[in-house]
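Biologist: Can you walk me through the labels on this model and what stands behind each one?

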Amino acid sequence: MITLSTPADNTSMLTPQGEFKLERVPPNPQLQAWDAADQYLLKQIDELQALTQQSRLLLVNDNFGALSVALADYHPVMVNDSFLSQLALSSNLQLNGYESDLVTFNNSLQLPSVKFDIILIKIPKSQALLKHQLYSLRELIGSETRIIAAGMSRSIHSSTLKLFESILGPTTTSLAWKKSRLIYVARDQSMNQGQSPYPDYFTVETDREFSLCNHANLFSREKLDNGSRLVIEYMPVSEHYQRIIDLGCGNGILGLIAASVNPKAELLFVDESYMAVESARINFEAAFGQERVAEFTVTNCLQGIANESVDLVLNNPPFHQQTSVGDTLAWEMFIDSRKGLKSGGELWVVGNRHLAYHAKLKKIFGNCQQVASNGKFVLLKSIKQ
Ligand SMILES: C[S@@+](CC[C@H](N)C(=O)[O-])C[C@H]1O[C@@H](n2cnc3c(N)ncnc32)[C@H](O)[C@@H]1O
């Protein structure tokens, strides 16, 4: 019997299936690439002895591939909205000597079309995403499918359990283990009423009206964020902008307005969320039809974008990755923006004043000017020299 004790370092995950090396993407030596809920789920799967080589296994929201790597011998399918999770899956498989094709990756908008024997779900940060996923998973659940979800106790509320109960069927929870919990769901096939309310819409009015489609996992899905509002108010306009990037585009609101006030510029929308990029594409097409060409790319920051090819980057950076708050992603975005900009190109960043992006931009670009502020948010501009 394996006892799950404290691992030797924070890249070794000890489970009944074995000990695995796991790293986060982007790397962060201070933070683990798994949590106790992953280990609880793996312990439970081992105790149930429910997996065989014939089992069809689906893993939903496996953040850095901890479940996929530990269960790689069962050839699981992983469904995730995050490109960073996709990158972590492939690098962690490699780190443990596995071929990358042992696990099949499906993004959140392209679910597989078979029934699964076992579905393991990590509770995502966004309740809207969970709701959407539970509705979508109905198609993949057969009469014998075993469904177990897991999360840290702090992210499992009575409303979380009600979601499972109202969409899938009777739901019970385990005792807590290392501040994590399991959720057991018995699918009631007679409960088929209702469907996902996502994507949903709201409207933003500037000198023209934009109707914004928002898939379930979108930032500020119900209304315009106050930081984005500040960028819109001071949106830069120049004849010299040939290529503009909306970096971390979400529903694409910054790029849409930039396209509207810079009618000759080419737009590129980038996000690590598949749902975000698809929402931006829908919104751009709704606003400009075929009359404007734009690119829509799922990537990590500006990976894959040519150096010195951009005149303007607009950026409202993320201040967390899943449940961990931090500025690692903002740093990467600023560094990549400097590489992607032409000489004389501009990076415009909006953020909460207390995040002190000013100091970071000054370090990376050697200059940073405050364009505007509205109390809580500041709009900053750095020029590549
Ligand atoms: C604060 S939101 C801003 C969304 C939108 N631009 C707005 O102003 O409403 C930050 C966005 O960055 C995206 N993001 C997070 N990490 C990223 C990464 N590594 N590469 C690209 N986009 C990322 C998130 O998915 C999210 O859509």
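Predicted model: local features only at pLDDT ≥ 70, side-chain atom pairs only at ≥ 80, totals over all residues.

Biologist: What makes strand 12 and strand 15 a pair?

Modeller: Strands here are DSSP E runs of at least two residues, and helices H or I runs of at least four, numbered from the N terminus. Two strands pair if DSSP finds at least two bridges between them. Strand 12 (residues 243-247) and strand 15 run parallel and share four bridges, so they pass that cut-off.

Biologist: And how do you know which strand flanks strand 15 besides that?

Modeller: Strand 18 (residues 341-352) joins strand 15 in the parallel sense, with five bridges. Asn-315 finds Val-349 as its partner there. Val-349 in turn has Leu-380 as its partner in strand 20, where strands 18 and 20 (residues 377-383) are antiparallel over seven bridges.

Biologist: What order do the strands take in the open sheet?

Modeller: The seven strands go 14-13-12-15-18-20-19, with mixed pairing. Strand 14 (294-298) and strand 19 (369-373) are called edges, as each pairs on one side only.

Biologist: Why is strand 15 called largely enclosed?

Modeller: Buried means under 20% relative accessible area, exposed over 50%, and partly exposed in between (1.4 Å probe, protein chains only). Six of the six residues in strand 15 (residues 310-315) are buried, so the rest of the structure largely encloses this strand.

Biologist: How do you know which strands helix 9 lies across?

Modeller: Contact means heavy atoms within 4.5 Å. Helix 9 lies across strands 12, 15 and 18, at about 155° to strand 18. Angles run from 0 to 180 degrees between N-to-C directions, with axes fitted to C-alpha atoms (for helices, over the stretch in contact). Helix 10 lies across strands 18 and 20, at about 165° to strand 18.

Biologist: At what angle do helix 9 and helix 10 cross?

Modeller: Helix 9 (residues 328-340) and helix 10 (residues 357-365) cross at roughly 35°, with axes coming within 10 Å. Among the residues that meet there are Trp-331 and Phe-334 of helix 9, and Leu-361 and Ile-364 of helix 10.

Note on methods:
Residues numbered from 1 in each chain as written. Heavy atoms only, no water.
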